[in-house]
Amino acid sequence: MVRKSSNTSIPRDDSPCFYKVIFDPHVEELRIPPEFVKHITNEATETTILKGPSGKYWNMKLREDEEGLFLSAGGWKKFAREQQLEEGDFLLFQYDGNITFHVRIFNKNGLER
């Protein structure tokens with residue numbers, strides 16, 4: 001489900017964040033860095049939300065196994081496709097502490113979309 005919000009609030013400056021460089025824009029799912037997982041385990045949820053630069057929301061299922069915690073295939077693939085992610089894009093994921101990640105996307109040239 002995709003929602004659009006008129007609220008373009010940005011998380012606090014001290015919100016935990018991580019980044020990912022896109023090497024393969026067609027990857028099935030995205031692994032959350034193991035060191036970052038400690039920030040989200042308290043919610044004990046199986047879903048999260050990505051808020052893109054446009055203000056749209058994407059509901060994501062989380063999948064956990066022995067290799068880590070992942071943004072699952074269906075939601076992640078849809079997000080990547082709709083954001084037209086390309087090899088070399090830099091994504092900054094800022095976590096608001098309430099199951100939402102605010103995603104900022106930078107092109108290869110270093111400029112934010």
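Strands are taken here as DSSP runs of at least two residues in state E, numbered from the N terminus, and on this basis the predicted model places Ile-99 in the loop between β7 and β8, the latter spanning residues 100–106. Although Ile-99 is not a glycine, its phi is positive, at about 60°. The relative accessibility of this residue is 23%, and Ile-99 therefore counts as partly exposed, given that the partly exposed class lies between the limits of under 20% for buried and over 50% for exposed.

A positive phi is also found at Gln-84, a residue other than glycine, where the value is near 50°. Gln-84 lies in the loop that runs between α1 (73–82) and β7 (90–95), and because its relative accessibility reaches 58%, Gln-84 counts as exposed.

On the surface, Tyr-19, Val-21 and Phe-23 form a nonpolar patch, for which the accessible area of the three residues together is about 350 Å². Of these residues, Val-21 belongs to strand β2, which covers residues 17–21; with a relative accessibility of 33%, Val-21 counts as partly exposed.

The loop between β2 and β3 (30–32) contains His-26, a residue that is exposed, its relative accessible area being 66%. His-26 and Trp-76 are separated by 50 residues in sequence, while the distance between their C-alpha atoms is 9.7 Å in space.

Definitions and conventions:
Residues are numbered from 1 along each chain as its sequence is written. This is a predicted model: local features need pLDDT of at least 70, side-chain atom pairs count only at pLDDT 80 or more; totals for chains, interfaces and linings use all residues. Side-chain values use heavy atoms; hydrogens and water are left out. Patches are made of residues with over 30% relative accessible area and no salt bridge: like charges are joined within 9 Å, nonpolar side chains (Val, Leu, Ile, Met, Phe, Trp, Tyr) within 5 Å. Accessible areas come from the Shrake-Rupley method with a 1.4 Å probe; for residues, only the protein chains shown count as cover. A salt bridge is a side-chain nitrogen of Lys or Arg within 4 Å of a carboxyl oxygen of Asp or Glu. Helices (H or I, at least four residues) and strands (E, at least two) are DSSP runs, numbered from the N terminus. Buried means under 20% relative accessible area, exposed over 50%, partly exposed in between (1.4 Å probe, protein chains only).
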